[in-house]
Amino acid sequence: DFSCALFGPDGGLVSNAPHIPVHLGAMQETVQFQIQHLGADLHPGDVLLSNHPSAGGSHLPDLTVITPVFWPGQSRPVFYVASRGHHADIGGITPGSMPPHSTTLQQEGAVFLSFKLVQGGVFQEEAVTEALQAPGKISGCSGTRNLHDNLSDLRAQVAANQKGIQLVGELIGQYGLDVVQAYMGHIQANAELAVRDMLRAFGTSRQARGLPLEVSAKDHMDDGSPICLHVQINLNQGSAVFDFSGSGSEVFGNLNAPRAITLSALIYCLRCLVGRDIPLNQGCLAPVQVIIPKGSILDPSPEAAVVGGNVLTSQRVVDVILGAFGACAASQGCMNNVTLGNARMGYYETVAGGAGAGPGWHGRSGVHSHMTNTRITDPEILESRYPVILRRFELRPGSGGRGRFRGGDGVVRELVFREEALLSVLTERRAFQPYGLHGGEPGTRGLNLLIRKDGRTVNLGGKTSVTVYPGDAFCLHTPGGGGYGDPEDPAPPPGSPPLYPAFPERGSVYEYRRAQEAV
């Protein structure tokens, strides 16, 4: 759960490692906030730390480390590098810092608005330790339970930034600063052009079928909060207005999504809809105007609880955007957050489910989709480091929605506990099913079951914390994806060419997998 990205001198996203979409669109907001907040108070040897939602943060466990890069003869930073990583614990009311019932930001852990993690080349260990332990001063809360891990991970993030600086520095040394900065602009301009072309093509297609240049969609969180979207296409300019008016008010719980998360979901969807191999960057948002009502679940007040908005509401925003464009059926719409901890340890994982089907493909089974792309801990590591036994981890057959193209199946994951701990679950799609599209059937809802040692089985619901004891088991059933098209329509025969051309595989993840498969 870690992302790195490169930003221009204005803080605009240039390029990134495309692993965790929910991080990447939001990180631009974080960098630009620091530029505006600190002004001239940025110097060589400084490294910044931030996680506050009003400063472009996603949720508090995601700590963003930003390094401004100076160049000889330039008084201001010539570019920025940043890394965002989810820390397993930063304090708060529950181990793992993912409380299912938090109602204020302070209950979710340590807060950093604009903190100099490194100043003049010196790592501020004492000051950051004090800040990480500060939540313990709040009634019912604890400071970080994994201070050693936090400090080690923060140092690793600083080192990751230094590697990025070294690589871009080599580029500047070879081609010159003016050329590199010019190409940063060219990359963003290319993304803008690709999105404008996509919006024009979409509008032209609707116009040819006698349909209006307006589309809309609506879905709900499990508490009933609506997420509404109305899109108005301007065919001449290749632009659009994305209006989220009508979405629910800020909620008392933690499903509030900071504005940066909504923008992150939008930039991800635009990148998916483009259908061309371009890097995800700031240029994707240039052709669109975004209207998000203040005080809503998508732009809450600064002290609102947000830990669930990043991992759950963001997925619903994606479902609504892709639904408005008719691109594909809903995926599982949840990251299935499971945290486990006691006085000596804390563990956090997100669990895969079914992906939605689309025009020409079946949904993939047992995968993370859309805003998340995290890798789960290997069973051997899980069982050796933590007091649990992984009894089952398998696909959930039949949970994907039926359709001409089937939705992907969710998974079943069962953990048996070996010592007393606090189990917390933060999940969605336990009430509303992932929708099907164009006659496709919805995916199956998720289910969270606690099986006590005496055999009693309890439905935990979507969001809860409960004490578990040795011999108890937690059985997680994740949602399936929605189907696409009428199930009675004959599917194309095996070997038929896809309706949409596939991307040629490339990039670091592809090369890494090839290297693994070659062993």
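How many cavities of 30 Å³ or more does the count come to? The count comes to three, where a cavity is a set of points on a 1 Å grid over the protein atoms alone at which a 1.4 Å probe fits but cannot get out. The model is predicted, so to speak of local features takes pLDDT of at least 70 and side-chain atom pairs count only at pLDDT 80 or more, while totals for chains, interfaces and linings use all residues. Residues are numbered from 1 along each chain as its sequence is written, and side-chain values use heavy atoms, with hydrogens and water left out.

The largest cavity has a volume of about 80 Å³, a volume being the space filled by probe spheres set on the points, which are joined across faces, edges and corners. Its lining (residues with an atom within 4 Å of a point) holds 14 residues, and Asp1, Val22, Asn310, Val311 and Met335 are the closest to the centre. Domain 1 (2-188) and domain 2 (328-494) each give at least three residues to this lining, with bounds from an automatic or database domain assignment.

The second largest cavity, of about 40 Å³, is lined by Val338, Leu340, Tyr347, Leu382, Val388, Leu415, Phe417 and Leu423. Strands E14 and E15 (residues 410-417) pair in the antiparallel sense over eight bridges; strands are DSSP runs (E, at least two residues), numbered from the N terminus, and pairing takes at least two bridges. The open sheet has the order E14-E15-E20-E17-E18.

Key
Helices (H or I, at least four residues) and strands (E, at least two) are DSSP runs, numbered from the N terminus. On a 1 Å grid over the protein atoms alone, a cavity is a set of points where a 1.4 Å probe fits but cannot get out, and a pocket is an open set with protein on both sides within 12 Å along at least five of seven lines; lining residues have an atom within 4 Å of a point.
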